Amino acid sequence: MTRDQVLDLYFMDARCKLIELAAFLDRVDRSEGEADFRLAAIRKALPLLSSAHAERAKSVLMALSDPTVVPISAATGKGACGAWPGATP
Amino acid sequence: MRYIEPHAHMVSRITDDYEAMRMAGCVAICEPAFWAGFDRSSVDGFYDYFCQLTDYEPKRAAKFGLPHFSWLCINPKESEDMGLARDVLGIIPEFLKRGNVLGIGEIGLNKNTRNEIAILEEHIDLAARHDQLILVHTPHLEDKFKGTNLILDVLRADSRINPGRVIIDHVEEHTVDMVLDAGFWAGITLYPESKATPARAIDMVERAGMKNLWLNCACDWGRSEPLAVPRTAIEMGRRGHSKEAVDALVYGNPMRFLSQNPRFQIS
Ligand SMILES: [Zn+2]
């Protein structure tokens, strides 16, 4: 596909998601109390969108991933939340 | 359009979903054993579930003209209880004789614990001893990258395992290459929020090549979309992919992997 064809197919969808993300960050700002590690994880990933190299989706996923290699001794729950708590001190 | 849905949890879906899938071109459905959304209290709960997967659900699918196949295991979310897991592993061989069973799955990891890894190794041993295909679930969200690496290590440590007979499911942009480079098949799951969207799935296919990849909807009791595969096939067409390329991805590839088990016959 040409760049224009990609824009024709996906620009409105990307625009929508970009504004949703901006509105989410505004909503967080207007709310009260301390934010947990998930907000820091999103803030850390945001600059990756404007990086020059073409593996941005992979980079964002890695920024939100547990990078450790050793199995944990026991599970404390079953779920995942989408960001790795260990990424922020 | 014709397509195979290689990963769907139909026990959690309504009959309208079967009808919609059939009308969209589905020609076969495969259902891996998974977590019910709650922990089962004993091996008897799994016995009943395996009966449902190998007896009742194929009959329900047949009412809509759809062949139904299944995969058996105790899923990683319940594998933390190793006593229960070993009891369940003990009843699987008798169910492997049932005609719609394609292999062992979806095994894998959830929180990347030592117990989960031990039970994963025992499932792989069971599959090797019974010459079964393997379907692997990779962990969710932040746990996926680490878990996929650990799973690859465990699979590669067992010299009896032929990577061409193993599909590692739920890959995303940060895990697809490591799976394919190691010679395994990779599955891309289409979910509204987590895992991949149709657009990202096609991006991955365009970049990795479509040789050993399949798409699936993995529809279950959570937010999921039974028609995600045909929806993605339409999206491929919008991007200019040929009908033949779409058919190869949504029909040819799952057919090629699943036909390694001679039970996978669809007319
Ligand atoms: Zn599943």
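This report describes a zinc site, a sheet, several helices and some backbone features of a predicted model.

## Basis of the model

Residues are numbered from 1 along each chain as its sequence is written, and chains are lettered from A and ligands numbered from 1 in the order in which they are written.

## The zinc site

The zinc ion has three protein donors: His7(B) through NE2, His9(B) through NE2 and Glu106(B) through OE, at 2.0 to 2.1 Å. Donors are N, O and S atoms within 2.8 Å of the metal (3.2 Å for Na, K and Ca); water is not among the atoms, so sites may look incomplete. Along the sequence the spacing of the donor residues is H-x1-H-x96-E.

His7(B) is buried at 0% relative accessibility, and His9(B) is buried at 2%. Buried means under 20% relative accessible area, exposed over 50%, and partly exposed in between (1.4 Å probe, protein chains only). Glu106(B) is part of strand β4 of chain B. A cis peptide bond links Gly105(B) to Glu106(B), with omega about -10°.

## The sheet of chain B

Chain B has an open sheet of eight strands with parallel pairing, in the order β1-β2-β3-β4-β5-β6-β7-β8. The edges are β1 (3-5) and β8 (213-216); each has a single partner strand, so one side of each lacks a neighbour in the sheet. From one strand to the next the twist averages 25°. Strands (E, at least two residues) and helices (H or I, at least four) are DSSP runs numbered from the N terminus, and two strands pair if DSSP finds at least two bridges between them.

## Strand β3 and its neighbours

β3(B) is joined to β2(B) by four bridges and to β4(B) by three, and β3(B) and β4(B) run parallel. Trp71(B) in β3(B) stands opposite Pro32(B), and its bridge partner in β4(B) is Gly103(B).

Five of the five residues of β3(B) are buried. His68(B), Ser70(B) and Leu72(B) point one way, while Phe69(B) and Trp71(B) point the other way. In a regular strand the side chains alternate between the two faces of the sheet. Helix α3(B) lies across β3 and β4 of chain B, at about 155° to β4(B). Axes are lines fitted to C-alpha atoms, for helices over the stretch in contact, and angles run from 0 to 180 degrees between N-to-C directions.

## Strands β6 and β7

β6(B) and β7(B) pair in the parallel sense over two bridges, and the bridge partner of Ile167(B) in β7(B) is Trp185(B). All five residues of β7 (185-189) are buried, so this strand is largely enclosed by the rest of the structure. Trp185(B), Gly187(B) and Thr189(B) lie on one side and Ala186(B) and Ile188(B) on the other.

Val166(B) belongs to β6 (166-169) of chain B and is buried, with a relative accessible area of 1%. Leaving aside residues up to four places away in sequence, Val166(B) touches Ile134(B), Val136(B), Leu155(B), Ile161(B), Phe184(B), Trp185(B) and Phe257(B). Contact means heavy atoms within 4.5 Å.

## Helices

Helix α2 (43-62) of chain B has 20 residues and reaches 28 Å from its first C-alpha to its last, close to the 28 Å expected at 1.5 Å a residue. The expected span is 1.5 Å times one less than the number of residues. A kink of about 40° is centred on Gln52(B); the bend at a residue is the angle between axes fitted to the seven residues ending there and the seven starting there. The buried residues of α2(B) include Phe46(B), Tyr49(B), Phe50(B) and Leu53(B). Their cover includes α1 (15-23), β2 (26-32), β3 (68-72), α3 (82-96) and β4 (101-108) of chain B.

In chain A, helix α3 (56-63) has Ser59(A), Leu61(A) and Ala63(A) as its buried residues. The cover of these residues includes α2 (37-45) of chain A and α7 (198-208) of chain B.

## Two loop residues with positive phi

Asp131(B) has phi near 55° and lies in the loop between α4 (114-129) and β5 (133-137) of chain B. His170(B) has phi near 65° and lies in the loop between β6 and α6 (176-181) of chain B. Asp131(B) is exposed at 57% relative accessibility, whereas His170(B) is buried at 3%.

Terms used:
This is a predicted model: local features need pLDDT of at least 70, side-chain atom pairs count only at pLDDT 80 or more; totals for chains, interfaces and linings use all residues. Side-chain values use heavy atoms; hydrogens and water are left out.
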